[in-house]
Amino acid sequence: MRLMSRAVLMAVVALAVSACASAPPEPTLYQRLGGREAIKGVVDDFVANVVADPRVNSRFKGLQPAAVAKLQTNLADQICDATGGPCAYLGRDMKAVHAGMRITDAEWTATVEDLVKSLNKFKVGAKEQQELLAILGPMKKDIVGQ
């Protein structure tokens with residue numbers, strides 16, 4: 001009886017290992033966000049939010065359309081790259097970009113709220129939002145107070 005139990009156990013283990021080996025990998029965050037075009041849509045809406053937000057829009061007044069387009073492209077590339085997509089972020093590092101700007105914690109919070117507003121508008125799931133914010137959150141130290 002004991003040998004049979006061991007044989008059954010070995011068969012169950014073999015099936016479990018086989019199932020794990022054949023299970024497709026979980027899609028990347030990039031894929032779950034909907035790919036480059038979906039990310040671009042969220043980013044474009046996010047930039048519109050910060051431009052309209054009186055808590056931070058003074059940072060964006062006077063930006064020429066080409067500068068806004070570059071900001072949108074850089075942000076979309078950065079998110080695409082950071083979430084496992086095929087894009088490469090070629091912009092400057094966050095510390096260099098924000099040097100001398102003296103961005104406050106309140107401005108950081110407003111900007112995050114503006115991003116979440118866009119994510120909600122595009123019906124991005126809570127899990128994906130949390131994962132994206134966890135990726136972007138560590139950038140705070142290179143942005144706030146620089």
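Predicted model: local features only at pLDDT ≥ 70, side-chain atom pairs only at ≥ 80, totals over all residues.

Modeller: Residues are numbered from 1 along each chain as its sequence is written, and side-chain values use heavy atoms, with hydrogens and water left out.

Biologist: How many residues does the largest nonpolar core have?

Modeller: In soluble globular proteins, nonpolar side chains tend to be buried together. A nonpolar core is a set of buried Ala, Val, Leu, Ile, Met, Phe, Trp, Tyr and Cys residues joined through side-chain atoms within 4.5 Å. Buried means under 20% relative accessible area, exposed over 50%, and partly exposed in between (1.4 Å probe, protein chains only). Here the largest such core has 26 residues, and those with the most contacts inside it are I39, V43, L115, L119, L132 and I143. Two or more residues each come from helix 2 (29-33), helix 3 (35-52), helix 4 (65-82), helix 6 (105-121) and helix 7 (126-136). Helix 3 gives the largest share, 6 residues. Helices are DSSP runs (H or I, at least four residues), numbered from the N terminus.

Biologist: Which residues is I143 in contact with, apart from its neighbours in sequence?

Modeller: Contact means heavy atoms within 4.5 Å. With neighbours within four places in sequence left aside, I143 is in contact with M94, H98, I103 and W108.

Biologist: Which residues does a disulfide join?

Modeller: A disulfide is a pair of cysteine sulfur atoms within 2.5 Å. The structure holds 1 disulfide, and C80 is joined to C87 with an S to S distance of 2.1 Å. The link is right-handed, with 75° about the S-S bond. C80 counts as buried because its relative accessibility is 0%; C87, at 15%, is also buried.

Biologist: What is the volume of the largest pocket?

Modeller: Rolling a probe the size of a water molecule over the atoms shows where empty space is left. On a 1 Å grid over the protein atoms alone, a pocket is an open set of points where a 1.4 Å probe fits, with protein on both sides within 12 Å along at least five of seven lines; lining residues have an atom within 4 Å of a point. The largest pocket has a volume of about 990 Å³. Of its 31 lining residues, F60, L71, L75, V97 and H98 are the closest to the centre. Helix 4 supplies the largest share of the lining, 7 residues. By class, the lining has 21 nonpolar, 6 polar and 4 charged residues.

Biologist: Is D114 buried or exposed?

Modeller: D114, found in helix 6, is buried because its relative accessibility is 6%. Leaving out residues up to four places away in sequence, D114 touches F46, N49, V50, D53, R55 and V56.

Biologist: Where does R55 lie?

Modeller: R55 is in the loop between helix 3 and helix 4. With a relative accessible area of 44%, R55 is partly exposed. Beyond four places in sequence, R55 touches E107, A110, E113 and D114. The C-alpha atoms of R55 and T111 are separated by 8.7 Å, although these residues are 56 residues apart along the chain.

How values were computed. Points joined across faces, edges and corners; volume = space filled by probe spheres on them. Nonpolar A, V, L, I, M, F, W, Y, C, P; charged D, E, K, R; others polar.
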